[in-house]
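Trainee: I would like to learn how to read a structure of this kind, one feature at a time. Could we look at it together?

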Amino acid sequence: MKKILLCAFMWLSLTGTVSAADPDPLQGKTIFQKNCNSCHSIQNQIVGPALRNVFDRHSEAWIIKFVHSSQSVIKSGDTAAVRLFTAFNQTVMPDHPNLSDQDIKNIIGYIRAESKNAVVQLPAPTVTVEDNDPYKGESGFVRQVVYIDLPGIHSPILPGDYRFWFVIGSLIILSLLTLFTLIKAKTIITFLNKKFEKPTHD
């Protein structure tokens, strides 16, 4: 009976130890906001890298060592640490000896939960209709003036597009040439009429 009770006590003790060692994301959030969020975000790069899925890039033991003393890990020649230090312009991350291993595990638990939430909360892709969608119908004269009507391509001309001014300039030049041609033709016809006009005799 004593053996059974002893085994039961040991089992409960071990279970309690394991439960106590489980990461607490809520506690991790509090610690993160107090110690980390001035330089780090889950989703965005601030002073340091974004921490989303950091647990996939580094082991838990590595993260604990790096948080406690990043410079010690870097000076040890750790390739990942040196590469990270170089990528962020050798910005020194403050040491956090005040954080226990469990504190850092709680932070990792918080980052893990936020990383999953970020995937779930990604907005669904939406189909938007652009104002400058290419025209796909048949083009009449007016539309050919407004659109560059290449074979199989109907792309709109917008005021900010150089093609807009090219077309407007071309139309102005074409109009001036047409007007000039008409005036010149009228002048030539008048001249020819006078030259070949038969003199009248009384």
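Trainee: What volume does the largest pocket have?

Mentor: A pocket is found on a 1 Å grid over the protein atoms alone, as an open set of points where a 1.4 Å probe fits, with protein on both sides within 12 Å along at least five of seven lines. Its volume is the space filled by probe spheres set on the points, which are joined across faces, edges and corners. Here the largest pocket has a volume of about 660 Å³. Please keep in mind that this is a predicted model, in which local features need pLDDT of at least 70 and side-chain atom pairs count only at pLDDT 80 or more, whereas totals for chains, interfaces and linings use all residues. Residues are numbered from 1 along each chain as its sequence is written, and side-chain values use heavy atoms, with hydrogens and water left out.

Trainee: Which residues of the lining lie nearest the centre of the largest pocket?

Mentor: Lining residues have an atom within 4 Å of a point. There are 33 of them in the largest pocket, and His-40, Pro-49, Phe-66, Leu-84 and Met-93 lie nearest its centre. By class, the lining has 23 nonpolar, eight polar and two charged residues, where Ala, Val, Leu, Ile, Met, Phe, Trp, Tyr, Cys and Pro count as nonpolar, Asp, Glu, Lys and Arg as charged, and the others, Gly among them, as polar.

Trainee: How many helices and strands does the protein chain have?

Mentor: Helices (H or I, at least four residues) and strands (E, at least two) are DSSP runs, numbered from the N terminus. The protein chain has nine helices and two strands, and among the helices that each supply at least two residues of the pocket lining are H2 (25-35) and H7 (101-120).

Trainee: What share of the 202 residues in the protein chain is buried?

Mentor: Buried residues make up 22% of them. Ile-168, in helix H9 (residues 162-196), counts as partly exposed because its relative accessibility is 33%.

Notes. Buried means under 20% relative accessible area, exposed over 50%, partly exposed in between (1.4 Å probe, protein chains only).
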